[in-house]
Amino acid sequence: MLNVLIIGNGQCGNRILDSINKQAMNRGSTTKEASGGLSKYISKHKYHSNVQTVAINTAINDLKEMKYTKAKDRIHIKNLHGVGANRTIGKEVFEQQKATILRNIEERGNFDVAFVITSASGGTGSSFTPPLVEELKKAHDFPIYTVVVLPFREEGTLYLQNAAFMLKELRDGPCDGIILADNQYLKSIGGNVQDAYDGINAMIARRLIFLLDSLDSEMMMVTDLGDFKTVMKGGAGLATIGYFKAESDMPIRTVIQNALSPRGLLFSTDVYKEAGRAMVILKGDKKYLGMDDVSAEIERLTGAVGHVFKGLIVENGSLPEALCVLTLNSAEELESLYEGAVQAIGIEKDKKDRVKKKKEMESAFMTIDGMDPEY
Ligand code: GDP
C-alpha cells in the first residue's frame with residue numbers, strides 16, 4: 001500500500017483538500033451523501049492507500065471553513081494580519097514558522113509520494129509552497145508534485161505577477177513536477193464564484209483520487225508509481241490531467257477523446273501538439289475495455305506524444321472512465337499568462353512612480369509653507 005501525503009496550502013489549497021476528503025468520505029455511500037455536520041465525526045475517509053492530509057493556512061477562518069478534514073490535520077500559522085497577497089511577507093512568515101510545519105509533517109512518518117495543492121496567485125499558498133517543497137526535499141527522497149491553480153485573468157495585477165513568480169520559483173526548485181489547473185479555463189462551469197470554485201475543486205479532487213487509486217490498485221494491468229514518475233519527468237516540468245466518465249453506454253474511444261478535450265482537461269492545451277508524455281488509465285466493465293478499441297485510440301495519442309503508459313482497471317458493472325496525465329513540452333496558454341504578468345508588473349511599477357511623483361508634488365507645495373504672497 002502506498003503512503004501518500006497531500007498538503008493543501010492557503011485558502012484554495014485548503015478547499016481542494018477538503019473536497020478530496022469529502023469525496024473520499026462519500027465514496028461507496030449508497031444512502032445520503034456525507035454532508036458535513038455529524039457525518040464528519042462518524043464517517044471515515046475511504047482511501048485505497050495510506051493517505052495523510054494536512055491543511056496549512058495563516059487565516060484561521062479558512063481552516064475553520066473546512067468540513068471534511070480532521071482538526072488535527074489543520075495547521076494554523078499565526079501571523080497577526082495574514083499576508084495579504086504579498087509574497088515577500090508570506091516568505092518571511094514561512095521562514096519564521098517553518099519548524100512548526102515541518103515538525104507536524106515529520107511526525108506522520110515516511111511517504112512514497114507527496115502532493116502539495118495551492119493557488120499560484122494568493123499570498124499564503126503561493127509563497128509557502130516553493131520553500132516548503134524545498135525543505136521537504138532536503139530531508140526526504142520521495143517525489144513531490146505540486147497541483148497549482150492559476151487565477152482568473154481579471155483578478156488583477158497582483159495575482160498575475162504572483163502567479164508568474166511563484167511558478168518560476170517552483171520550476172527552478174527541486175519540485176518533481178507541476179500539475180496545472182486553470183480557473184480561467186474552467187470558469188465555464190458557471191454559476192456564482194463560490195459555485196464555480198466548488199465545481200472546479202470537485203473536478204480536481206476527482207482526478208487526484210482516481211490517480212491515487214490507479215497507482216495503488218491490484219486490478220488487471222495497472223500503472224504504478226514508477227510509471228507516473230517517468231511520465232512526470234517528461235516535458236518541461238509542467239503537466240495537466242484530463243478525465244471523463246460516461247453517463248451511459250459509450251465506446252471507450254469516445255471516452256478517451258472526451259478526457260483529452262476541453263470538457264475533460266484542467267488546463268488549456270492542444271494535447272496532440274503540446275504533450276510530451278502521457279499516462280492513460282481506463283476503468284469500467286470489461287465489455288467497454290476491448291483491446292482493439294483501446295489500442296487504436298492509444299496509438300493515435302502515442303503517434304503525437306511519443307510515449308503513453310496505459311492502465312486498465314476492470315470494475316464489473318461500471319460505466320467507462322478515462323484519466324489522462326499529460327506532461328507538456330510547451331504551453332501557449334502559460335506564455336500568454338507571462339505576457340500578462342509582464343504588463344502587470346509594468347502597471348504596478350508605473351503606479352509606484354506616480355506615487356513618487358505625487359510625493360514630489362507634495363514637497364513642491366510644502367516649499368511655500370509658512371510664506372505669504374508678496375504684492
Ligand atoms: P491564500 O489563502 O493567501 O493562499 O490565497 P488564495 O488561495 O485565496 O489565492 C487566491 C487565488 O486562489 C485566486 O486566484 C482565487 O481565484 C483562487 N481561489 C481561492 N479559493 C479558491 C477555491 O476554492 N477554488 C479555486 N479553484 N480557486 C480558488
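**Ligand shell and domain contact**

Of the 20 residues around the ligand, G10, C12, S119, G122 and P151 come nearest. The elements that supply two or more residues to this shell are α1 (10-26), α5 (124-139) and α8 (193-215). Please keep in mind as you look around that this is a predicted model. The chain itself is divided into domain 1, covering 3-216, and domain 2, covering 240-328.

**Around the ligand**

- Among the elements of the shell, α1 is the top contributor, giving four residues.
- Sorted by class, the shell around the ligand holds 11 polar residues, seven nonpolar ones and two charged ones.

**How the two domains sit**

- Taken over C-alpha atoms, the centres of domain 1 and domain 2 are 26 Å apart.
- Where the two domains touch, domain 1 brings 13 residues to the contact and domain 2 brings 11.

**The domain 1 side of the contact**

- Three elements, β6 (177-182), α7 (183-186) and α8, each provide at least two residues of the side of domain 1 that touches domain 2.
- With seven residues, α8 gives the most to that side of domain 1.
- By class, this side of domain 1 has nine nonpolar residues, three charged ones and one polar one.

Technical notes. Residues numbered from 1 in each chain as written. Predicted model: local features only at pLDDT ≥ 70, side-chain atom pairs only at ≥ 80, totals over all residues. Near = placed C-beta within 6 Å. Nonpolar A, V, L, I, M, F, W, Y, C, P; charged D, E, K, R; others polar. Domains from an automatic or database assignment. Contact = placed C-beta atoms within 7 Å.
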